[in-house]
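Welcome! Please keep the view open as you read.

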Amino acid sequence: MTGQGPRRPARKATRPYKPPQPDAPRRAAFDTLVAVTARGAYANLVLPGMLADRRIVGRDAAFATELAYGTLRSTGQLDKVLELCSSRPLKQVDPRVLELLRLGAYQLLHMRVPAHAAVAATVEVARVAVTDGPAKFVNAVLRRVAEREFDAWMVEVAPDPEKDPVAHLAIEHSHPEWIVRAFADALGEKPAGGIGALAETAAALAADGAPAATHLVARPGRIDRDELLAASGGTAGRFSPYAIYLDGGDPAAIEAVRDNRAAVQDEGSQLCALALANVELAGADERWLDLCAGPGGKTGVLGALAAQRGASVVAVEQAEHRANLVARTTEGLPVTVVVADGRSVGEDPRLPEGGFDRVLVDAPCTGLGALRRRPEARWRRQLADVKPLVKLQRELAVAALTAVRPGGVVGYVVCSPHLAETRVQVADVVRRTGAELVDARPLLPDVPDLGAGPTVQLWPHRQGTDAMFLALLRRK
Ligand SMILES: C[S@@+](CC[C@H](N)C(=O)[O-])C[C@H]1O[C@@H](n2cnc3c(N)ncnc32)[C@H](O)[C@@H]1O
């Protein structure tokens, strides 16, 4: 033999074999969950790029988004159900397999996907992503989840609403208990009264689970709102004269957003910046300061108004990369960006004591007011974060009241309803500085349900904005 055996029939030139891909939207949702939980990524930053790279569009993109965001929001609740359906404690389940279980359970309990399709399609993703053995486990657990509807599972996993209303709401609306308590405190509702006494708290929690419209701001003097309405296809905002609500679509596709005449900005944020800009002031009104400016949303509004009124803005931001974002978004406006610690007022020559007429301090906060926009945030944020944030907020607010001239006004803003960051904080700052609280409500004309004042707490379930808090403080 020459070693030349019988010749095989010539092979057709074929592409390398690729196993069949599980459906792209579920795979994108799974990869997003893994990026968020294993790498600390933000879903709203990761998923849009992933959808674009993989050319997932239209209904598939909407499905992947609902699946990824919904699963992340519902993690606490889904895990309660999965614990009862898994033969192993969830702590012992491989983290990637756990994400597949959550993904499947979300489809079964919250989406109108037929149960057999939800199980089969999730198991198919599992086969490719984590191999056959774990896929069998996923199949077994999801079949158990599929045995009951959502309401029946809630009866099983959520504590008695009268005996423990906070724990009940925490599971029903999938929030940590400390956040349920914080919302109840801010709304003045008492858990001791049972579930019936927490009706508005329940509405606030439910609003975090509802899809939130993207809001645009037509920057004053840079683009007319009607022009932006025509270009964006959105609808006019109810309260801010510059706001537009978008139904969907990519805001970056709008030319006015790309060239900074408009921007994505929650209407509540617009209202806070406008209130500070419009509060009555005697005397000079030329030097404005934004003490926590990055990434520059409110600076964009203040800078545009300053340009119209012959004023200028110093925008302070501690993190250099965020200061760069402020510079980019305020290009062409009378805004000077300063990389500094906002607490260095009086020490940094660029931040002289009494050197400013209006000062915004949009302080770093828990972000509990924007949970609807950041699906994983409610689980990532911890109660232990509140104390150090409150200290930093207080120091920045006191610095702001040092930077403003006598008679000038400070706008203290946080995107949170947590009392320690809002009313309790402001009472403390007033005590320390002797500043006078100005009633902020008249500066938000036509906005309903603003309460007793003088500070303002907005809510998604009341005004449809993020839960922004605003206090206006005049230096004596
Ligand atoms: C809530 S964000 C401000 C959002 C911004 N005003 C807007 O509307 O886009 C708070 C900002 O304060 C910055 N920051 C945190 N500590 C600071 C400090 N000590 N001095 C100045 N900026 C600080 C953070 O980096 C963050 O960019």
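## A buried leucine to start from

Leu216 counts as buried because it has 29 C-beta neighbours inside 10 Å. The cut-off for that label is 20 or more. Please keep in mind that this is a predicted model.

Where does Leu216 sit? Its place is in strand β1, residues 214-218. Leaving aside neighbours within four places in sequence, Leu216 is in contact with Leu228, Ser232, Gly234, Ile244, Leu246, Pro251, Val257, Ala262, Ala263 and Val264. Asp60, by contrast, lies 25 Å from Leu216, C-alpha to C-alpha, and the two are 156 residues apart in sequence.

## The sheet around β1

Strand β1 belongs to an open sheet of four strands, in the order β2-β3-β1-β4 and with antiparallel pairing. At the edges are β2 (235-236) and β4 (262-264), each of which pairs on one side only.

You can follow one of the pairings in detail. β1 and β3 (residues 243-246) run antiparallel and are joined by four bridges.

## Four domains

How is the chain divided into domains? The domain assignment gives domain 1 (24-150), domain 2 (159-207), domain 3 (214-264) and domain 4 (267-474).

Domain 3 and domain 4 have centres 22 Å apart, taken over C-alpha atoms. Between them, 13 residues of domain 3 are in contact with 16 residues of domain 4. The side of domain 3 that touches domain 4 is made of six nonpolar, five polar and two charged residues.

## Two nonpolar cores

The largest nonpolar core has 99 residues, and those touching the most other members are Ala262, Ala275, Leu291, Val359, Val361, Ala400 and Leu470. Helix α18 (residues 386-403) gives the most to this core, with eight residues.

Let us look at one of these members, Ala275. Apart from neighbours within four places in sequence, Ala275 is in contact with Gly411, Ala440, Leu443, Leu444, Leu470 and Leu472. There is also a second, separate core of 42 residues, and its members include Leu67, Tyr106, Val123 and Ala135.

## A covered helix

Helix α9 spans residues 165-172, and its buried residues are Pro165, His168, Leu169, Ala170 and Ile171. What lies over them? The cover includes α4 (75-85), α8 (150-157), α10 (177-187) and α11 (199-207). After α9 comes Ser174, whose phi is positive, near 50°.

β5 pairs with β6 in the parallel sense, over four bridges. Within this pairing, Leu289 stands opposite Val314 in β6.

## Around the ligand

Which residues are closest to the ligand? Of the 18 residues that surround the ligand, the closest are Cys292, Gly294, Gly297, Gly342 and Asp362. The elements that give two or more residues to this shell are α15 (297-309) and β6 (312-317).

By class, the shell divides into six nonpolar, six polar and six charged residues. Here you meet β6 again, the strand that pairs with β5 in the parallel sense.

How values were computed:
Residues numbered from 1 in each chain as written. Predicted model: local features only at pLDDT ≥ 70, side-chain atom pairs only at ≥ 80, totals over all residues. Near = placed C-beta within 6 Å. Nonpolar A, V, L, I, M, F, W, Y, C, P; charged D, E, K, R; others polar. Domains from an automatic or database assignment. Contact = placed C-beta atoms within 7 Å. Core = buried A, V, L, I, M, F, W, Y, C linked by C-beta atoms within 7 Å. Buried ≥ 20, exposed ≤ 12 C-beta atoms within 10 Å, placed from the backbone. Pairing = 2+ DSSP bridges.
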